Amino acid sequence: MSSLSVCVLFVCVQFAVSQVSRGPPRAGGSGADDDGFPTPSGCCDWPSCFDERTQLCLDTCLMAWSQCPKKLFLMTCYSEYMSPFGALPLQCFPDAAPHMEEAEELGITGTAKEVRLAVHKLNGKHCHPKTGICRPDED
């Protein structure tokens, strides 16, 4: 099976999964808001993507990372062209979602990439090279 065939199959499966995850159409149209534009129903409306920070593939529906298949090209999770809804929202990143309230309280704003970087600095740890024991960074 050629890599092009694998990519086309992957995109078709992602599309089918996103259609199934949306559920039945809502009254008044096909999931569109008042402006006639579709609105996202959740993280499954974005395809899997390559997470630059972890260097792993992110399954947006499962909110889990995994090794990327060889010879498979995925867009970066920060790409504005990932889906018709734009870049992947912050709440779809498994490492950032639990810290969104804390980031809002601290006034951390910006793109998903900037907020994730700031959150990781807040939760920074240093690990001993021999024992592997990690402790929070001292400010």
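Does Phe73 count as buried or exposed, and at what relative accessibility? In this predicted model, Phe73 counts as exposed, because its relative accessibility of 67% is over 50%. Phe73 is located in the loop between β3 and α2. Together with Met75 and Tyr81, Phe73 makes a nonpolar surface patch of about 410 Å².

## The loop around Ser79

Ser79 is also found in the loop that runs between β3 (64-66) and α2 (100-105). Is Ser79 buried or exposed? Ser79 is buried, because its relative accessible area of 12% is under 20%. The side chain of Ser79 reaches the backbone nitrogen of Tyr81 at 3.1 Å. Tyr81 is one of the residues that make the nonpolar patch. When residues up to four places away in sequence are not counted, Ser79 touches Gly86 and Ala87.

## Salt bridges

Side chains of opposite charge can pair when their charged atoms come close. A search of the whole structure finds four salt bridges. Among them is the pair of Asp51 and Arg116, in which the closest N and O atoms are 2.9 Å apart. This pair links distant parts of the chain, with Asp51 in strand β1 (residues 49-51) and Arg116 in helix α3 (residues 112-122), 65 residues apart. Asp51 counts as buried at 0% relative accessibility, and Arg116 counts as buried at 1%.

Arg116 also forms a salt bridge with Asp95, and here the closest N and O atoms are 2.9 Å apart. Arg116 lies in helix α3 and Asp95 in the loop between β3 and α2, so this pair ties together parts that are 21 residues apart in sequence. Asp95 is buried, with a relative accessible area of 11%.

A further salt bridge is formed by Arg53 and Asp95, whose closest N and O atoms are 2.9 Å apart. Because Arg53 lies in the loop between β1 and β2 (56-59) and Asp95 in the loop between β3 and α2, the pair ties together parts that are 42 residues apart in sequence. Arg53 is partly exposed, with a relative accessible area of 40%.

Which residues are linked in a network of salt bridges? The network links Asp51, Arg53, Asp95 and Arg116.

## Disulfides

How many disulfides does a search of the whole structure find? The search finds five disulfides. With bonded cysteines counted along the chain, the disulfides follow the pattern 1-8, 2-5, 3-7, 4-6, 9-10.

| Disulfide | S to S distance | Angle about the S-S bond | Handedness |
|---|---|---|---|
| Cys57 and Cys68 | 2.0 Å | 125° | right-handed |
| Cys127 and Cys134 | 1.9 Å | 100° | right-handed |

Cys49 lies in strand β1 and Cys77 in the loop between β3 and α2, so the pair ties together parts that are 28 residues apart in sequence. Both Cys49 and Cys77 are buried.

Cys57 and Cys68 form another disulfide. Because Cys57 lies in strand β2 and Cys68 in the loop between β3 and α2, the pair ties together parts that are eleven residues apart in sequence.

Note on methods: Residues numbered from 1 in each chain as written. Predicted model: local features only at pLDDT ≥ 70, side-chain atom pairs only at ≥ 80, totals over all residues. Heavy atoms only, no water. Helix = DSSP H or I, 4+ residues; strand = E, 2+ residues; numbered from the N terminus. Buried < 20%, exposed > 50% of the residue type's maximum accessible area, 1.4 Å probe, protein only. Polar contact = N/O pair within 3.5 Å; in protein donor to acceptor, adjacent residues only side chain to side chain. Contact = heavy atoms within 4.5 Å. Patch = residues over 30% accessible without salt bridge, like charges linked within 9 Å, V, L, I, M, F, W, Y side chains within 5 Å. Areas by Shrake-Rupley, 256 points an atom, 1.4 Å probe, with all protein chains shown as cover. Salt bridge = Lys/Arg side-chain N within 4 Å of Asp/Glu carboxyl O. Disulfide = S-S within 2.5 Å.
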